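Work through the following exercises with the structure open beside you, and try each task before reading its solution.

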Amino acid sequence: MQRGFTRQRDQEGEYHRIRIESKPAPHVYPIPNKFDVSARKLRLAAMLVHEAFEYKFNKEVVLSRPCIYGVFGGRFGGFKPVKHKCVGCMRCVQEYPHMMTVKHSNRYRRLGDSFWTPENVFTVWDEASTGKIPVKGMGYKGPFSGEGFDEMWTDMSEIVRPTRDGVYGREYISTSVDIGRKPKSIDFTEVDDQPKTLEIPVPIIFDELPNGTDNADVRAAIGQAAEKIGTLDIARDVRFGEPGLDNLLPIIDEEGIADYGEKQPEIAEFDAERPDLLKKLLARFDRSILIGRLLLKEDSGSVACELARQGVHGLHFCADYHGHDYSKDGRHVSTALKDVHQQLVREGLRDQVTIIASGGIILAEHVPKAIICGADLVAIDTTVLVALQAEFQGETRDRSNCRLMPRKINPDWGAQRLVNLIGVWRDQLIEILSAMGMRDVRRLRGDIGRSMMDSELREQSFKGIPWAT
Amino acid sequence: MGNLELIVEKHTERIHHGLDVLPTLKHGVPEGLGNKRWTGELILATYEQALTGDVPENGLEYKTGNSGGGFDVLGWKTHDDVAKVDEESIDLSIGLNKRPDGKKIEIPLPIYGGGMSFGSISLNFMIARARAAKRLRTYTSTGEGGYPDQIVPYRDHVITQVATGMFGVREETIQYAPIVEFKYAQGAKPGLGGHLLADKVTSEVAKMRESSMFTSLYSPFPFHSVYSVEDHKKHVDWIKTVNPRALVSVKVSTPTDVDMVAIGSYYAGANIIHIDGGYGGTGAAPEIAKKNIAMPIEYAIPKVHDYLVSEGVRDKITLMASGGIRTADDVAKAIALGADGCVVGTAEAVAVGCTHCGNCERGRGCQVGITTTDPELSQFIDPDWGERRIVNLFNAWSKRLRMILASFGLETIRDLRGRKDLLVRFK
């Protein structure tokens, strides 16, 4: 079963390539200047006088500015720099070190929280507003590695294994994934009574929004975006049959079952920690794909196996918004997911359930990395709010205490921002897949051999190098 | 002199003056300068070395960055009982052809310049690099953008790069070259090919690349003529047929099986295997690629070195490393990890004023005339001045390399290769 207008073949069987239409959706709320550029005014005045004599009052030469981005192109030049144009190139400091200062602005430095760095916030804003892959010159500028996904590098192919030219669209790379239980084997003697799997064109869906952040405009934006992309939108407390909810993935509780009458949702999530709810849902919704939603913990692997045996079609594991599980040690979602995936593989149950991972998926690279760790697809949460220019009012780590507050938005604008974001994340996923020579994101699932971990490489490559005393 | 000339002269003087003044720390380390890999101090220390040709003595950190890993957490063991060696007599030369056949090429320092294409960098900077290579008796590489006439006089010190877009690859440019470099991949964008943004494709660049002006140019990935080591051998044979005296270098990125790629290249007939780590430079690359694809060079070097040793061919192929080599200490650490030498690009750009700000791909390009094709901005780099600074930088690096070798009583840089036992790790 395929979903959305982006399906690969329409009803007549005609081939359509999946395409997500990005359009500019500029910021509607002002964003902080990244850099704070300032001149010491007395020295600037003295310099102008000096240069006036040096260049014999040739106005064009004296007033030529040391900036190609127009920071000093305003009426008052260096006396009132146009700060938002500064890109931190430092040429003004190179030319006039005695009077120019360029630094990251305080507002920029305070942006986000302990997980959302200012750079990450800017990246998501940029992606949501332009729909273009962030491209920059020079090399990587950040730390050597970090925690969780930052400890992992993805592989690439070279000479001895074919790569794919998917970046510029010359070879087709599929980013579609299936949700639901897959048959263990083909048996022509029996009728398969399991619900069919659901195919979506990207391995990214929208998770329910954090508590207290849901509002009608944000909901409408997400709904529209999900429909345009052909993906799913998880929500609670939404009445079945309401218009504009075709791409809804509802979270159903026991009390909500009755609302459906004789109908069945195509797919639904439920609280997997509620005893017997799965049994009731399986009995009532025998044609629905049922996804158990639960917090990611130490015992998630064995819980996953148990639920798979009971007949669940998928599991949605939620880490906290900073990408840590709810175990005593607070493991990163990448580690916890590997455990769950590998336990399901060992028990021969992996294809019986689809795994959705959420919590801490905030950058494009987190999607392939989560999939390498064992997820089939991811759900994004706080990233949606950041793309919609929500306001950081403190730490948003715990799912019950969100300090990332949505602002008033136009739903059409919001939808386009989310379409842009998912479109550009898909493009970047294709870059990663093409570098690895893969033509299908489904093949990446759990393929940890196509990743390299800092801790492992360090021990292999620096073996024999003693610690400094 | 017209106003435009005066304006260019004014800003050229100011920039050059600033590069001289900033490392004195009279105004401190500018707050917004640098990042974790290229810290503000490291950038200023590079300016200082490019100015003086000496190791900085004013307390500027010139050895490592602040990335928290790789070269930045490696240091040198301290030794008390080493034989005294005269620093001046220490030999920094390495051979680039270890095979019994073919021309023997030796460079007097274990460094040559990495590929930077015409189009991604200005012609003046390209000439400066070529002149510096000639003066240092080493090499620089054309990158993928063709072979401008202006660097033909330095052709004995210019490596011709053959990459997937084949821009500017002609019979004569292969015949010019003492070394021909196949670029299979680039560390900063492994597996993704090249991309020259439309703004930089001026009439000169378009002519050189035989394309249309102000149209983005893509180099595909991979070479669609190479899907196996056997195909790769055909490539090597092609070059050796066109120019039998040329050495062949194979530039690859650092996937998990980089060791297999290296041995394959050896058996295909390459003289040099050049591995380019993920944290290397570029004129423009997707941010996701720079940070996430392929392993850093610090991990790839021992992997390749050890494998070549175990296969018994280590002394038959030269292993060059690049992709995040910022300092003389990085060069020495790379060699101690198993490389023969290093290929350097970004450090040369920093020597002539780069701030590692990463705006190379924007509009007119680099504000100080390095990664730009803008006719006005390009003039900030006078080739003579650029040559002098690059030569000074590598002279300073040579002094530092000699200091390191002398501290261990080693008489040649070749003795440092694979000496991991001389390194220590910091937490």
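**Exercise 1. Describe the domains of chain B and the side of domain 1 that touches domain 2.**

Begin with the bounds: in this predicted model, the domain assignment of chain B gives domain 1 as residues 3-74 and domain 2 as residues 87-425. Next, take the centres of these two domains of chain B over their C-alpha atoms, and you will find that 23 Å separate them. Then turn to the contact, in which 29 residues of domain 1 of chain B meet 28 residues of domain 2 of chain B. On the side of domain 1 that touches domain 2, the elements of chain B that give two or more residues are helix 1 (3-21) and helix 2 (40-52), and the largest share, seven residues, comes from helix 2 of chain B.

**Exercise 2. Work out how helix 3 and helix 13 of chain B are placed relative to each other, and which residues make their contact.**

Start from the axes: those of helix 3 (residues 123-136) and helix 13 (residues 383-407) of chain B come within 8 Å and cross at roughly 45°. Because of this angle, helix 3 of chain B is oblique to helix 13 of chain B. As for handedness, the crossing of helix 3 and helix 13 of chain B is right-handed. The residues that helix 3 of chain B brings to the contact include B:F125, B:I127 and B:A128, while those from helix 13 of chain B include B:I390, B:V391 and B:F394. When the residues of the contact between helix 3 and helix 13 of chain B are sorted, they divide into nine nonpolar, two polar and four charged.

**Exercise 3. Characterise the contact between chain A and chain B, and find the strands that pair across it.**

First count the residues on each side: the contact takes 64 from chain A and 93 from chain B. Several elements of chain A give two or more residues to the side that touches chain B, among them helix 3 (91-95), strand 2 (100-104) and helix 13 (454-461), but helix 12 of chain A gives the most, with five residues. The side of chain A that touches chain B divides into 35 nonpolar, 18 polar and 11 charged residues.

Conventions. Residues are numbered from 1 along each chain as its sequence is written. Chains are lettered from A and ligands numbered from 1 in the order in which they are written. This is a predicted model: local features need pLDDT of at least 70, side-chain atom pairs count only at pLDDT 80 or more; totals for chains, interfaces and linings use all residues. Domain bounds come from an automatic or database domain assignment. Two residues are in contact if their C-beta atoms, placed from the backbone, lie within 7 Å. Helices (H or I, at least four residues) and strands (E, at least two) are DSSP runs, numbered from the N terminus. Axes are lines fitted to C-alpha atoms, for helices over the stretch in contact, and angles run from 0 to 180 degrees between N-to-C directions. Angles under 35 degrees count as roughly parallel, over 145 as roughly antiparallel, 65 to 115 as roughly perpendicular and the rest as oblique. A crossing is left-handed if the near helix is turned anticlockwise from the far one by less than a right angle, and right-handed if clockwise. Ala, Val, Leu, Ile, Met, Phe, Trp, Tyr, Cys and Pro count as nonpolar, Asp, Glu, Lys and Arg as charged, and the others, Gly among them, as polar.
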